[in-house]
Amino acid sequence: MKRSLLSISELGSDGVQRILDLADTMAEVSRRPNPKVPALRGKTVCSVFFEDSTRTRLSFETAAKRLSADTMTFAVSQSSLSKGESLRDTIETIAAMGVDAFVIRHSSTGAPWLVDGWTKASVVNAGDGWHAHPTQALLDMYTVRTALNRPEGFDGLRVAIVGDIKHSRVARSTTAAFKAMGAHVTWVAPTTLMPPVVDEAVTDRLDDVIGTDGEGVDILYMLRMQNERMTEALVPNLREYTNRFGLTPARAARLAPHTLVMHPGPVNRGVEIAVDLSELPGAVINQQVTNGISVRMAVLYDLLSANPDPTSDIEITEAVAAARTEQP
Amino acid sequence: MTTSESNNILIAGGTVVDSSGTRQADVHISNGVIVDALDGDPDITIDAAGLTVSPGFVDLHSHLREPGKEEAETIETGSRAAALGGYTAVVAMPNTDPTQDCVSVVDFVRRQGQIAGLCDVHPSASITVGRAGEQLTPFAELADAGVRLFTDDGNGVQDPLLMRRAFEYAKGLDVTMAQHCEVERLTGGAVMHEGDCCSRLGLPGWPSLAEELMVHRDIELVRLTGAPAHFLHLSTQKSVALVRAAKADGLPITAEATPHHISLTDELLASYSALYKVNPPLRTMDDVTSVRDGLRDGTIDAIATDHAPHVSETKEQPLDLAPPGMLGLETALGVAIAHLGDMELADIVACLSWKPAAIAGLGSVHGRDVVPGEPANLTVFDAAEEWEVVPAHLASKSRNTPFVGVPLIGKVKHTVLNGILTVRDGSATR
Amino acid sequence: MSQDRAPKAVLGPEDVRRATTRMAHEIIERNQGLDGVVLVGIQTGGVWLAEALGAEINRIDADVVDDIPVGSIDASLYRDDIGLRPVSPGSVSNVTFEIDDAVIVLVDDVLYTGRTVRAALDALGDYGRPRAVQLAVLVDRGHRELPIRPDYVGKNLPTSTDESVSVTVDGVVIA
């Protein structure tokens, strides 16, 4: 039975831990002079991006290549979707070429789940709508785990996620992952940038979570603020947004020494982070990018090493049972 | 002449339910009319033992898609679905292409219904030309062509001035403005009910407020102008309360609710299936309960299907890209009985038959008591039969029913239109 | 099935210690001066053995100034049965020394089909080009499926393919 990675909640906290452990192995591979292993030779990974994201696509394709998988790319600009071809047709056509895993980015919530129902290949959600971005959440967890050396979990860790939560798939998935790891999450945003119903702890005062005496949060996770939010009357203007919710030099100076500053990228410089990143000792934004490859290697390996043949219906459990009896 | 079109029919041993009450009675039909007794033997005898015989159902709200979207439904296939659902009359919504905003299109729809011969198809017409919300349609011409309900359904009339003019101009023409209540500035891009499920799924929400504001506006316009209004598919707790209060004030207001708004909630969208996308959206259990209460206490007059066929390809799309709407004609009775269990059967049938017939201006032909002299428009159903819908077995051209796997109670066995069996033993006769 | 058979201890802790000492002597003897020799245990069973061999070599050859380097390698990602059975790297490779031009003694607890060793050889190649690779195993149970033979063997142990062999510092058990 094929497996897919669609959301953190479906992966579960054991699954998160399993991927992070595997990412240690993959990080070691990435540090080698020849950062490539033959693990997924003969497997084909197709990235299907209906929404532009060169960074995420490159990260996934690098991960696939380091595992020796073949990669294919389907970008919407070269597609026939504009000619009325349906998502299902597109997926079924590509699947017929022999694909072991689809990496899907789509502007619609749930699109990866629909794709998962149409193909025997594994599906990795590389971001759907404002909904979920599980590999971003996993690379965030891996970054915190390595930066703070907390391999067993994040019990007691205090996290503030700041900015446009409402429109952020990163906020949703990363919050779920932090909670699965045992951390406490606070959302920091004006009500206009919060979802209509919120279960998390919330505040609209960034200064409260940063504190003044080194007692501030352990993780300050800044979200990207998009310009089009101004035209929707969600915030009056960027100056006021930065004054209330940006990491300004004054706030950076008050950050506790242990506080990690994270951002899913690309940083809107001068808006959510209005201070030179080189002056932020706790910034781990580049590590997030680097770790993204190792974590995506772990995800692809986790899914595809357990998927003998996407065209067969053999349950992996049977194959496992058969192989176990022969195990040297 | 086929047997189904025979002149003399005896419906024997059933329980008759109509506006005058419930009783055991045989029903004799001759030449399209209910009679005291037949001359000679019946051509057809229907054994109705254990079944309910009621006036035919009337749907205030069917999207038959013709003209314009014949790939999803035609007047013929929609009429067949209606007949199988026990309907003898349906009001065809005007959001066709071209729009039912002039006499020629309205006449075309009525004629297609007559040709199909499965159900009386009564076209409604749009309030504004092309449903564009800018210019009124010729109410009087359309009224002369038989139109009684006017609606821009699919959209509400956004402009309060235009709506005021519509009510004012409608006065005295014996027509009713039927509003799809949605303030669109509050629902831009909305996919589902605004609440915790939409927050979790990261989908733009359709707040209850957007419906309630327009319900409130139109209640006040009715109070101002005195013209009648009908509210389509009420879906929220507060909408029901607003209508209840307006009726208590004696305003000429009627309202309908759909089968899906008394049975399904927004949590179903977590399946990511666009089968559950509908406008207004599925809401919370509190709203469902309020809408049921509204039907129970008469605040809401009618159950109307909002039957909205869509081809599978469009409903296989992601939630935000798929069109809203779900099938309803063939499942309405089963959903109503299953989910309004504590209502008297006669009260449920009232919401399906004579009350909507009156709102549609069809009360002289449909929803009549089952007594001699009345036109033989009848539905015969088993009020206790439990069944499940199988999409492939639907008569509708489309398959977008959300009720797969939902237990339904109450199945139509026979439908009689003007003395002719359109449905016999659960199958359409033509 | 192997589970039905009563486990049988074929070597005790003392036997393991003696075999380790003998193999350490053989490694020193064959690699005069131990110049450029490193031990690499194959994850996971070979790691403790590589460490034990390293300690033994350091004890025997105490006049050598530096301790012999000991690393480990996880060959899971190089296996040829990925997808046929769950192959999950249980550990992180630890190769902190230069591989180019080194003489590597690969160490594993049990030599069976030879496929794990093949995978480990490929893995080593991704760290550099060793001058030579030798193979040390505590137990050779036969049934090779690849042209691989050990240079140092603690014990040759005839087995059938439906048996499993487990090796620890406390001894060797067939089940």
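The model is a predicted one.

A compact globule of 430 residues would have a radius of gyration near 22 Å, and the 20 Å of chain B agrees with that. Buried residues make up 60% of the 430 residues of this chain. The contacts in chain B can also be sorted by distance along the sequence: of those between residues at least 6 apart, 76% join residues at least 24 apart.

Chain C can be described in the same terms. It has three helices and eight strands, and their order along the sequence is β-α-β-α-β-β-α-β-β-β-β. The radius of gyration of chain C is 16 Å, close to the 16 Å that the globule rule gives for 175 residues, so chain C is as compact as a globular protein of that length. Its C-alpha atoms fill a box of roughly 50 × 40 × 25 Å along the principal axes. Of the 175 residues in chain C, 42% count as buried. Among its contacts with a separation of 6 or more, 70% are between residues 24 or more positions apart.

Chain C also touches chain A. In this interface, 20 residues of chain C are in contact with 20 residues of chain A. The side belonging to chain C has ten nonpolar, four polar and six charged residues.

Apart from neighbours within four places in sequence, Val162(A) is in contact with Val188(A), Ala189(A), Leu206(A), Leu220(A), Tyr221(A), Met222(A), Leu223(A) and Phe245(A).

The last topic is the backbone. Most residues other than glycine have a negative phi, and most peptide bonds are trans. Some positions in this model depart from that pattern, as the following cases show. The peptide bond from Gly265(A) to Pro266(A) is cis, with omega near -10°. Pro266(A) lies in the loop between strand E9 (260-262) and helix H11 (285-304) of chain A. In chain B, the bond from Asp97(B) to Pro98(B) is cis as well, with omega near 5°. Here the proline, Pro98(B), sits in the loop that runs between strand E7 (87-92) and helix H2 (103-116).

Positive phi values occur at two residues of chain B that are not glycine. Arg131(B) has a phi of about 55° and belongs to the loop between strand E8 (120-123) and helix H3 (139-144). Asp425(B) has a phi near 50° and belongs to the loop between strands E18 (420-424) and E19 (427-428). Are these two residues buried or exposed? Arg131(B) counts as buried because it has 22 C-beta neighbours inside 10 Å, and the cut-off for buried is 20 or more. Asp425(B) is exposed because 9 other C-beta atoms lie within 10 Å, and the cut-off for exposed is 12 or fewer.

Methods. Residues are numbered from 1 along each chain as its sequence is written. Chains are lettered from A and ligands numbered from 1 in the order in which they are written. This is a predicted model: local features need pLDDT of at least 70, side-chain atom pairs count only at pLDDT 80 or more; totals for chains, interfaces and linings use all residues. The radius of gyration is taken over C-alpha atoms; the globule rule is 2.2 Å times the number of residues to the power 0.38. Two residues are in contact if their C-beta atoms, placed from the backbone, lie within 7 Å. Ala, Val, Leu, Ile, Met, Phe, Trp, Tyr, Cys and Pro count as nonpolar, Asp, Glu, Lys and Arg as charged, and the others, Gly among them, as polar. Helices (H or I, at least four residues) and strands (E, at least two) are DSSP runs, numbered from the N terminus.
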